[in-house]
Amino acid sequence: MPGSATAGGFLLIFAIALPLAGVLFSLALGGRYAERVALILMPAGVVVAVAIGATVWHTHDVLQYFVGNWDPPLGVAFRADGLSATMMVTAALLICGIGLFARTQLPVPRGVEERAPLVFWTLLLTVWGALNAVFVGGDLFNLYVALELLTFAAVPLVSLDGRAQTLRAAFRYLLFALFGSILYLLGAVVLYGTYGTLDIVLLSGRIRAEPAAWAAISLMTSGLLAKAALYPLHLWLPPAHAGAPAPASAVLSGLVVKAPFFLVVRLWFDVMPGLPEHAAAQVLGALGAAAIIFGSVVALRQVRLKLLIAYSTVAQIGYLFLMFPLAVEPETGHPWSTAAWTGGVLQAVSHAFAKAAMFMAAGLIAEALGHDRIAGLAGVGRVLPITVFAFALGGLSLMGLPPSGGFVAKAMLLTAAVAAGQWWWAVVVLTGGLLAGSYVFLVLARAVTDAIEPLSLAARISPGRQAVVLALALGAVVLGFVPLRPLELLQIGRPDMAIEAPR
Amino acid sequence: MAFDIGLALLVLGVAAWTIAARDTFAAVVGFVAYGLLLALVWVRLQAPDIALTEAALGSGLTGGLLVGASARLRHAEMPAPGETPGAVLKLASTVLCTLLSAGLAAIVFLLPEPAPTLAPQAAANIAATGLGNPVTAVLMAYRAIDTLLETVVLLLALVGIWSLAPNRVWGGFPGPRHQADPDSALTFVAQLLVPIGILVGIHIFWVGSVAPGGEFQGATILATMWILAMIAGLVSAPPVSRRWLRLLLVAGPAMFFGIGFAGFLAADAFLAYPETHAKLVILMIEIPVTLSIAATLGLLVAGPPERITQQ
Amino acid sequence: MSDAMLYGLCGAVLVGLGLFGLIVHPQPLRKILAFNLIGGGVFLLFGVVARRGAAAGLAGDPVPQALVITGLVVAFAATALAVALQVRLFQETGGRPDGQMDSRP
């Protein structure tokens, strides 16, 4: 019996139910109200996420809820530890920012329901609800349903503009995502057949180092890697994220692609914590390193800004997987007390803010200039100074320069690599930072030069819209003030919790 | 045992033919046959609920969807000369897939004996749910949150499909137009079959609480009848912006959420049912959910809006 | 339970067959068909696990059976979305929606 439901556990239900109820209202009331419903729910969702984080922090314990009062293994449990709470607050804040930005991108006309606004707001709310379900899910099959919900919400966002190019990208995304789901389900059936439960906490108690467990974890991890676009399963990401409208790209690169990574972390550190996996962790790290190098190099060669940013996502996702070989704590055996654990999670959070800001900045630039060719960016710095500044701040995080969350994350990965004696990852992190600097500089250098001829603007962008982009970029900067030590919040709720950093 | 071996070989044979067939339409027909055979397999595995779902949804509705698509995509399904895979790729794939199948088969044989199972727990708690069908108990009580999320998944798939419509036909009628030909055999069959099918669907939904059946199976049959009526031209697909259609689609998940939240007050947890009225509460969820799912499934097959006028 | 094991073998082969079809066929509809085959194999494995879990007077473990039903519905929704994407793509690039084809190069 994995304990009992804790007080405040109902908040977990609200986190999932609020956005999804919003979807139902939007569809029933009609597209004219979809934006209003979303904008009402956004602050409410932030309150719920912060409340969950505060409860986890105060009780220093996992927030747990058994749906319908049925205990696992028969029923389904929701659990929020420090890691879940961090991701949920990130998602809530990011969705708010994206929502504010999208208000002006997709204006809702009076009197008539139009396709794009209804579809966008409904899908955005669904992505939010599905993400929360992934972050608090405690049952592997429930997580499968949540992943499918996330996929069905994300795929149509890619093809929102209806062009053949984006339809193709959306179809390819769907194929990769379905492939990942099938592999995940295959692993789940092996786990249930061998251990009789799909509850994460119960599984961690029953799992043994036997071929069935290895096979199941390998299958599920492979499936999740396809969804997370880790090299070499990254082919679907650049056209999909570049082809979507700017607010959609922001949510896809910032949040949607982090959910499968979150589940790999859950699988490796929660379901099979004690099993020896050094070789497999090195494989994951190697794929991450390949993603960093490959993604950054290809980003350098891009002609279009949005594709450059999309390949940058491929690269930055690679950093996340460096967490696996490095989160090995020899003395206590607690991975979550290592610098790599905090570094990996911080990378996920700061990349979310930075990449969302960069995609939204690219969207504003494309709207102002009428195109997003990097070669034609000259003069944009004068026209959209706030936007370009926000882009630069996001770039700081990608490069790993202070002050930014990306700096803290990469510095911690570096120290973890050196401390663990696995210096090759340090080389990769440093190289990745240099390459990121190159492609960010590529864009900024063009943007701040003066145009030879006066720019003919396709549209005027108000400072208010640019301010939202800047706010998100500042979010990534604010994370740079996180101390360079393992973070206590992220260790709450881990089994046999050992808090590393003194307060 | 011999029957099972024969059935398994037949399923694999038809599946292999589905992969190997040259023409997409032939492959789809093979797939429908495979689905029906698979339903037989489910009966042999003592899973009649799944057999019903596979026959109606996995074979019937999916087959209908794919047949319609293969007819419309006929020209796109002929591969360009450079696209057909070479012998090397085929050989490598054969090796990879054989290894995967062998590995899975090994895992199946290595499954622990006695098999871990939740059947005793499910049987022990079923009295509290007031149901007689343990699978329905799992779907509507123990793991009701899965079913709730699944209704939302269906609805979102529909929104995703609708999003594909061009802006100018948004809110219009889904799918290509079907002219009703009063003398055709299809119209005659539909007029005969649809009312019977509706009754069968309702019956299967109703008995699902104590016998094989339930909301998904019943809803699929209702959806199939609706599609048949639409194809035969007996009814026309409603425009997707109609308020009543939206309310119908949303009613099921909304009731599910509503009763879930009512569980906070009545039984102390989300989606918990009061001990004495559990079956009634479950029924209150199942009726709108069945109707919503039936509408959603039908519209999923109909596709995105394609025209703004009836004709 | 040997008939359950037999169908487990069947499911394993179905997964392999489906994967082969997925890799080898370039046409989108064939890939969608292959996905459904793989899914059928995975669900069959669930069903085998359910059959092996017969106990307490039940002919099979109801939990995996319920999971299969949920999975079948989700798989149908995925097929519908994939098919709709392809049909729409075809309309954007190829023939016209009323069925007449443009002559292709």
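What pLDDT does chain B average? The answer is 88, with 95% of the residues scoring at least 70; pLDDT is the predictor's confidence in each residue, from 0 to 100. This is a predicted model, in which local features need pLDDT of at least 70 and side-chain atom pairs count only at pLDDT 80 or more, while totals for chains, interfaces and linings use all residues. Residues are numbered from 1 along each chain as its sequence is written, and chains are lettered from A, ligands numbered from 1, in the order in which they are written.

Helices (H or I, at least four residues) and strands (E, at least two) are DSSP runs, numbered from the N terminus.

Now look at where chain C meets chain B: 69 residues of chain C are in contact with 82 residues of chain B, contact meaning C-beta atoms, placed from the backbone, within 7 Å. On the chain C side, α1 (2–24), α2 (28–52) and α3 (62–93) each supply at least two residues. Helix α3(C) gives the most, with 22 residues. By type, this side of chain C divides into 47 nonpolar, 16 polar and six charged residues (nonpolar: Ala, Val, Leu, Ile, Met, Phe, Trp, Tyr, Cys and Pro; charged: Asp, Glu, Lys and Arg; polar: the others, Gly among them).

Over to chain A, where helix α1 (residues 10–29) packs with helix α10 (residues 243–266) of chain B. The contact includes Phe10(A) and Leu24(A) from α1(A), and Arg246(B) and Phe257(B) from α10(B). Its residues divide into 13 nonpolar, no polar and one charged.

Technical notes:
Axes are lines fitted to C-alpha atoms, for helices over the stretch in contact, and angles run from 0 to 180 degrees between N-to-C directions. Two residues are in contact if their C-beta atoms, placed from the backbone, lie within 7 Å.
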